[in-house]
Amino acid sequence: MTLAASVSLSADDARRIALRAQGFLGAPDRRSGVRGVLRHLGAVQLDTISVLARSHELIPYARLGAVGRPAVEAAYWSGGHAFEYWSHAACILPIEEWPHFAFRRRARRARGHRWHVLRDKELSTRAVLDRLKADGPLTSTELGGAKNGGEWFEWSETKIAVEWLLDIGEVVCAERRGWKRVYDLPERAVPDALLHDDLDDRECLRRLVALAGQSLGVGTRADIADYHRLKGEQVDAVIADSGLVPVEVEGWSKPAWADPAALATPPRGRHRTTLLSPFDSLVWDRPRTERIFGFTHRLEAYVPKPKRIHGYFAMPLLAGGRLQGRVDPAREGRTLVARQLSLTTPGAARPMAEALREAAGWVGCDSVRVERAGSAEEAAAVTAELANL
């Protein structure tokens, strides 16, 4: 592949470039560990659902293997290496990207409110800032309570105030403790060299578009915009200055751009066999997943149980650089239960068994049981492979 005004890629080229960019093709850099995965991806999505583990734990596991779960948490939340903010969704972000989200902090401030409205913004926010200044990093419970005595969405005035301050950058979350955000003042949590909002919107957007292109390897305008939830017109305004290279991809109906470093060396190496969180950045964009892998996936956790097709938290199976099936896992004591699984390609029983066995060991299970499958033949094949491992 040569760098030119427009490079043509086969569909297979694009798939392999995407896999390498996301850390699934080639030997993983274990020396850089979880923090290296975070910097490589640029964003790791957070979510409340925990089945095998929470999604932000599954992301490095999928790339590095059985990293100890306490080590994963420590890598994210100690040493000032990361912060939490709004990117693709609520995400863990490398601390060096703090200046590049100034455009979003300014936009939130200009809007003047979030979906929860403060009764007395000045009084409430000042009270939060004074407490943090006096007492150090605190959770919303320690600040005075997160809820207002009602349903989960009925936040207290204090919780609304601290989340508003988080939105506009006057407080920072650089740690979670027991899944609760720990709020701190930026001057304590962000290194001095990064603690500024000096970059204008264009420079912030240029950086995030370039970062998305590197993290994706190759993507359309919609792919690139979705990675950090930018608007299409924001991508249009800076794409020419982002350093990304225009490409044409076989079978893609839209123009695309690629990271020039991804084009310089043909992607090759060992493929990872693993189960993916539905919130993994390899598959979080459903149209892109269908386009690259021919695999339709939907998170069904919020679908009424009778209407679910693949299960509550169906995890795609990645093997041989392709998505070859899915499984809805659960734990019963020291047994990992495949509550429902299906295979989409011939020969996928072996990699499914390998992925289940590895996941079981990671979460402290010593056996695996297939409860239900797309067919009796699939259940028998995976069960037989498990017995041979």
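This is a predicted model: local features need pLDDT of at least 70, side-chain atom pairs count only at pLDDT 80 or more; totals for chains, interfaces and linings use all residues.

Me: Which domains does the assignment give for the protein chain?

Reply: The domain assignment gives domain 1, covering 1–273, and domain 2, covering 298–388. Their C-alpha centres lie 29 Å apart.

Me: How is the area buried between domain 1 and domain 2 to be read?

Reply: The size of an interface is often expressed as the accessible area lost when the parts come together. Here, about 1,800 Å² is buried between domain 1 and domain 2, with carbon and sulfur atoms giving 65% of that area. In terms of residues, 19 from domain 1 are in contact with 22 from domain 2.

Me: How many salt bridges are counted between domain 1 and domain 2?

Reply: Side chains of opposite charge can pair when their charged atoms come close. The count between the two domains is two salt bridges. Aspartate 12 forms a salt bridge with arginine 322, and the closest N and O atoms are 3.7 Å apart. Eight residue pairs, both members at pLDDT 80 or more, are found in polar contact across the interface of domain 1 and domain 2. On the side of domain 1 that touches domain 2, the elements giving two or more residues are α1 (11–21) and α3 (55–64). The residues of that side divide into ten nonpolar, three polar and six charged.

Me: Where do lysine 159 and glutamate 163 sit relative to each other in helix α8?

Reply: Lysine 159 and glutamate 163 are separated by about one helical turn, because they are four residues apart in helix α8 (residues 157–168). They form a salt bridge whose closest N and O atoms are 3.0 Å apart. Both lysine 159 and glutamate 163 are buried.

Me: Which parts of the chain does the pair of aspartate 241 and arginine 202 link?

Reply: Aspartate 241 and arginine 202 form a salt bridge, with 2.4 Å between the closest N and O atoms. The pair links distant parts of the chain, 39 residues apart: aspartate 241 lies in the loop between α12 (232–238) and β9 (245–249), and arginine 202 in helix α10 (residues 201–216). Aspartate 241 has a relative accessible area of 45% and is therefore partly exposed. Arginine 202, at 42% relative accessibility, also counts as partly exposed.

Me: How many salt bridges does the structure hold?

Reply: The structure holds 32 salt bridges.

Note on methods. Residues are numbered from 1 along each chain as its sequence is written. Side-chain values use heavy atoms; hydrogens and water are left out. Domain bounds come from an automatic or database domain assignment. Contact means heavy atoms within 4.5 Å. Buried area is the accessible area (1.4 Å probe) that two parts lose on being put together, summed over both. A salt bridge is a side-chain nitrogen of Lys or Arg within 4 Å of a carboxyl oxygen of Asp or Glu. A polar contact is a pair of N or O atoms within 3.5 Å; within protein, one must be able to donate a hydrogen and the other to accept it, and residues adjacent in sequence count only if both atoms are side-chain atoms. Ala, Val, Leu, Ile, Met, Phe, Trp, Tyr, Cys and Pro count as nonpolar, Asp, Glu, Lys and Arg as charged, and the others, Gly among them, as polar. Buried means under 20% relative accessible area, exposed over 50%, partly exposed in between (1.4 Å probe, protein chains only).
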